[in-house]
Amino acid sequence: MKIRVFDTPDEAGVYVAAIAEQVVSGCPQSVLGLATGSTPIPFYRALVRLVQCGLNVHEVTTVNLDEYVGLPPDHPQSYRYFMEHHLFRHIPIDVDKIHIPYGTAADLDAECARYDQVVADYPADLQILGIGLNGHIGFNEPSAFLDTKTHVVELTKKTILHNSDAFGDPALVPTHAITMGLQGILQARQIVMMAFGEEKSQVVAQALQGEVRTDLPASILHLHHDVTWVLDRAAARMLPLHLGDTEA
Ligand code: GLP
């Protein structure tokens, strides 16, 4: 487990984009596991700049973590729309190589099974993650049991409230989402977990404590052999010195 602490999310985003460049340069057919939320936006900005500077992503496949149930791909708050807005429309990526669950699938069980096949076919070379305030990864919410497979999840009140900014009203946030399960996340060759801001400092410190807990899904990353936590100083604030004082 590596921890890198930067002054700003923008600096952190450049660092993570450089990791992605290394992966894609090493293998042009790489699979990037991608995340949504405000956290990865500086990474996407930096990645777009790298592509504009010559990084070739023509053969890259992308596999996203999750999608809201009930939102069509062209809904401005859907994760598909988010990805178009922040990344896909800015880079020459093959639309057939983009994978995101369909939140409006008529048969959600069948959609979960279809997505598990996608996850099995395209294990990520690099998985980008953010962390929810309650420790969720993707939409794997805290629970007595954690699902290994793609599944439909009922979002917790805390998640709905946190994510309601984009919707303007908590009542407009979908109550359910489809999310990749933990097996899909953990099968990635390399994982980068990003977290920024004071409000994430407590959950980051808890997740890095060393215990694996189902009520803190991000703690499962202790079981993976290649995880880098990329933080800004505010998110790293509550880390014990021996963890937080790593070089930036
Ligand atoms: C959503 C996503 C997560 C993301 C989390 C944090 O719930 N499903 O993948 O990590 O939000 O969001 P933010 O980065 O906006 O804090």
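The largest pocket in this predicted model is the space taken by the ligand. Around the ligand stand 14 residues, and those that come nearest are Ser-38, Thr-39, Asp-66, His-136 and Lys-200. By class, the shell around the ligand divides into nine polar, three nonpolar and two charged residues.

- From the side chains, a polar atom of His-136 is placed 2.9 Å from a ligand oxygen atom, while an N or O atom in the side chain of Asn-163 is found 3.2 Å from an oxygen atom of the ligand.
- The ligand, taken alone, exposes 390 Å², and of that area the protein buries 95%.

**Salt bridges**

- The structure as a whole holds nine salt bridges, and one of them joins Arg-114 to Glu-111, with the closest N and O atoms 2.8 Å apart.
- Both partners of this pair, Arg-114 and Glu-111, belong to helix H4, which covers residues 108-121, and their separation of three residues corresponds to about one turn of the helix.

Terms used:
Residues are numbered from 1 along each chain as its sequence is written. This is a predicted model: local features need pLDDT of at least 70, side-chain atom pairs count only at pLDDT 80 or more; totals for chains, interfaces and linings use all residues. Side-chain values use heavy atoms; hydrogens and water are left out. A residue is near a molecule or strand if one of its heavy atoms lies within 4 Å of it. A polar contact is a pair of N or O atoms within 3.5 Å; within protein, one must be able to donate a hydrogen and the other to accept it, and residues adjacent in sequence count only if both atoms are side-chain atoms. Accessible areas come from the Shrake-Rupley method with a 1.4 Å probe; for residues, only the protein chains shown count as cover. On a 1 Å grid over the protein atoms alone, a cavity is a set of points where a 1.4 Å probe fits but cannot get out, and a pocket is an open set with protein on both sides within 12 Å along at least five of seven lines; lining residues have an atom within 4 Å of a point. A molecule sits in a cavity or pocket if more than half of its atoms lie within 2 Å of its grid points. Ala, Val, Leu, Ile, Met, Phe, Trp, Tyr, Cys and Pro count as nonpolar, Asp, Glu, Lys and Arg as charged, and the others, Gly among them, as polar. A salt bridge is a side-chain nitrogen of Lys or Arg within 4 Å of a carboxyl oxygen of Asp or Glu. Helices (H or I, at least four residues) and strands (E, at least two) are DSSP runs, numbered from the N terminus.
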